[in-house]
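Here is a friendly note to read alongside the model. Keep the 3D view open and look up each residue as you reach it.

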Amino acid sequence: MGYRVGIDIGGTFTDFALLKGTEVRLHKNLSTPEDRSLGVMTGLQKLADMEGLALGDFLGACDTIVHGTTVADNTLIEMNGAVTGLITTEGFRDEVEYRRGFKEDIWDVRLEPPIQIAPRRRRLTVPERMLHDGTVHKPLDEAAVRETCARLRKQGVESVAISLLFSFVNPAHERRIAAILAEELPGVQVCASHEVLPRAPEYDRTSTTIVNAYVAPRVYSYLEKLVNRVRDAGYARQLMVMQASGGVMTVDYIEGAPIRVLASGPAGGVIGSAHVGSAKGYRDILCVDMGGTSYDISVVRDGSAPAEAGWNMHHRYLIGVPMVKVETLGAGGGSICHVSGGALQVGPASAGSEPGPICYGRGGSEPTITDALVMLGILSTDAGFAGGSFSLSRTGVDEAFAALGRELGYGAEQAAFDCWRMVNARMSQGVRRITAGKGMDPAGMVMLAYGGNGPVFAAIQAEDLGIARVLVPKASPTFSALGTLVANPSIDEERSYIVPALAADKDRLRAMWRELSDRAQRHFEAAQFAAERITARYQMNMRYPGQNFALTFDIHAGDRLGDLAFVDEDLPARAIALFNQRHQEEYGHIREHELPEITGVRLASSVETPSPAVGRGTSVAAHAPQPALMRRANLGQGFEETPIHRGAELGPGHEILGPAIIEETFTTIVVYAGWKCLVDDAGDYELVKTSKSS
């Protein structure tokens with residue numbers, strides 16, 4: 001049996017999960033922001049060394065390498081994407097800036113609008129007009145298109161988005177503009193909206209296409225480097241990339257719409273959480289991932305993490321492609337602690353991996369949360385850090401917090417403790433805001449904590465939120481990387497067709513689903529997945545007249561891709577009944593005397609692949625292990641001698657009462673007062689609330 005490798009690149013660390021049969025091995029190394037593919041190759045070499053193989057032999061024995069990347073997210077965060085222009089229909093130049101009147105916080109009068117990645121001087125229009133039925137109302141003025149190209153050339157554009165009115169019904173004008181751009185601006189990236197998001201509304205499609213154009217050159221450049229490096233090193237198969245939808249697919253498929261890799265790393269963690277939680281009997285899970293740079297929050301309901309296509313505001317831009325919902329805060333181990341206006345602030349700026357926190361000894365000079373954990377005795381400077389790749393140092397840490405404390409009027413240790421309290425409060429408040437917005441109470445959920453720093457704060461956050469049980473998988477430090485191995489190869493695409501439900505042309509519906517089926521089959525076959533392994537869920541988008549947003553529901557779940565026998569005379573009536581049922585579930589009512597309309601069709605196709613085995617974690621006889629040593633630490637109740645346990649010395653049945661610290665190879669688990677930690681028969685940790693801590 002060959003190897004399967006999952007990779008997740010974060011702002012500070014690049015994580016690896018190696019699956020060999022049922023055995024999982026983990027690795028972390030620092031990310032290389034100057035060229036992130038170098039950090040990937042460093043980690044692959046380490047995995048090969050762990051297996052006693054040369055890199056070429058190891059890669060030759062790999063059945064699959066799946067990669068989650070933050071390249072697109074980092075491009076939006078750092079605002080260093082391509083110089084992007086937009087060509088749109090005359091009269092619609094400023095629609096993307098109106099944002100449908102949306103404002104993230106209507107009460108914040110000082111909230112500035114997001115930076116326009118295609119500013120007005122690079123948003124140009126051409127005379128043309130399609131009607132809603134796809135007929136041409138005004139022919140395309142090709143001379144105006146060439147003049148527009150000349151204006152964009154003078155502005156040094158590197159990428160151009162094309163978004164014309166009703167192009168999702170008839171893309172002829174967009175295709176012609178793309179051809180002219182290839183003639184007039186050779187080498188410039190071109191992204192047409194009918195290929196990126198072929199549906200209404202107009203703002204959604206235009207925003208998504210502009211963001212796609214903005215990140216595309218950076219994503220392509222990175223993936224090209226990585227594909228070339230792993231191929232030259234001996235990997236013979238296609239590299240698979242995690243998608244925001246929670247599925248994986250080949251690089252060739254991603255190149256059609258690189259926006260699909262946004263938030264792909266965090267999506268892997270959510271998919272892994274659903275897999276682990278369901279195996280252990282927990283269906284409603286609050287997923288929290290604290291790494292070196294950020295804190296990601298998501299929710300698994302009833303054992304699944306559905307990808308939603310529609311109003312996905314990501315880094316303040318609307319992204320219309322299917323995405324697993326993940327909210328991100330700038331709160332990680334590398335978040336910089338500072339004083340602003342006389343008040344202590346933590347983040348959102350991060351020390352990242354270069355230079356990193358002060359305790360990394362790589363030239364960092366500003367105190368971070370990781371440095372605070374060293375000051376509080378939670379992290380050790382005596383043992384190896386990140387799997388022994390380097391050791392933490394206290395040199396410069398005390399001085400940095402002493403300086404911070406002087407600004408606040410107290411000592412270094414108190415300053416470090418206040419940083420701990422501050423970041424914990426920010427994360428807990430972030431969870432409250434997100435769950436309240438979804439109408440959910442976190443107290444009824446189980447928390448699953450992962451990432452290098454997630455288990456440090458998990459139990460104290462759970463207590464703040466009223467949660468009584470926390471899961472910390474053994475693989476939690478590289479859990480998002482492991483989650484990429486849980487995700488199945490999948491393609492989720494749609495086509496627009498706006499028509500009253502009872503007036504739908506069944507031949508046209510069949511043709512659209514056939515097109516989507518043929519396209520999916522081509523990509524799966526190129527990835528060497530046999531047709532008989534592909535399963536399909538045929539879906540429809542419908543709404544009542546006057547509604548802005550459509551609801552998506554399954555109209556047919558087939559065992560075989562391309563089986564369209566369900567498109568028959570009864571289809572409209574079945575669709576109406578299923579839509580009304582979905583509307584009742586979502587909104588609590590239906591409009592009995594209104595005829596809904598179809599807005600489009602979707603096809604979600606996938607291939608089942610082996611997933612890492614997960615133990616149920618059944619209870620075993622509990623017994624208390626002896627700590628490896630005692631260390632002075634502050635776990636929220638002042639400094640005291642605290643038991644330190646080594647994760648390698650713990651096994652099923654071990655029970656540890658808080659306060660205590662468990663040092664795993666790549667993470668640290670804090671058992672706070674009023675909590676106990678159980679090691680289940682799968683080797684995973686379960687933190688259980690026993691009493692209210694004082």
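The points below go from the whole chain to single residues.

1. **What you are looking at.** This is a predicted model: local features need pLDDT of at least 70, side-chain atom pairs count only at pLDDT 80 or more, and totals for chains, interfaces and linings use all residues. Residues are numbered from 1 along each chain as its sequence is written, and side-chain values use heavy atoms, with hydrogens and water left out.

2. **Helices and strands.** How many helices and strands does the protein chain have? There are 17 helices and 36 strands. Both are DSSP runs numbered from the N terminus: helices are H or I with at least four residues, and strands are E with at least two.

3. **Overall size.** The C-alpha atoms of the protein chain fill a box of roughly 80 × 55 × 55 Å along the principal axes. The radius of gyration of the protein chain is 26 Å, which agrees with the value near 26 Å for a compact globule of 694 residues. This radius is taken over C-alpha atoms, and the globule rule is 2.2 Å times the number of residues to the power 0.38.

4. **Inside and surface.** Of the 694 residues, 57% count as buried. Buried means under 20% relative accessible area, exposed means over 50%, and partly exposed is in between (1.4 Å probe, protein chains only). The accessible surface of the protein chain comes to about 27300 Å², and 49% of this surface belongs to carbon and sulfur atoms. Such areas come from the Shrake-Rupley method with a 1.4 Å probe; for residues, only the protein chains shown count as cover.

5. **Contacts along the chain.** Take the contacts (heavy atoms within 4.5 Å) between residues at least 6 apart in sequence: 68% of them join residues at least 24 apart.

6. **Charges.** The protein chain carries 68 positive and 84 negative side chains, and the centres of the two sets lie 3 Å apart. Lys and Arg count as positive and Asp and Glu as negative, while His and the chain ends are not counted. Each charge is placed at NZ of Lys, CZ of Arg, CG of Asp or CD of Glu.

7. **Cysteines.** Cys191 is buried, at 5% relative accessible area, and Cys359 is buried at 0%.

8. Most residues other than glycine have a negative phi, and most peptide bonds are trans. A cis peptide bond joins Ala200 and Pro201, with omega about 0°; Pro201 sits in the loop between α7 (193-196) and α8 (202-233). Another cis peptide bond joins Gly658 and Pro659, with omega about 5°. Pro659 belongs to the loop between β32 (655-657) and β33 (660-663).

9. **Positive phi.** Arg99, which is not a glycine, has a positive phi of about 55°. You will find Arg99 in the loop between α4 (95-98) and β6 (123-126). His315 has a positive phi near 55° and lies in the loop between β16 (312-314) and β17 (317-319). Are these two buried or partly exposed? Arg99 is buried, at 6% relative accessible area, whereas His315 is partly exposed, at 26%.
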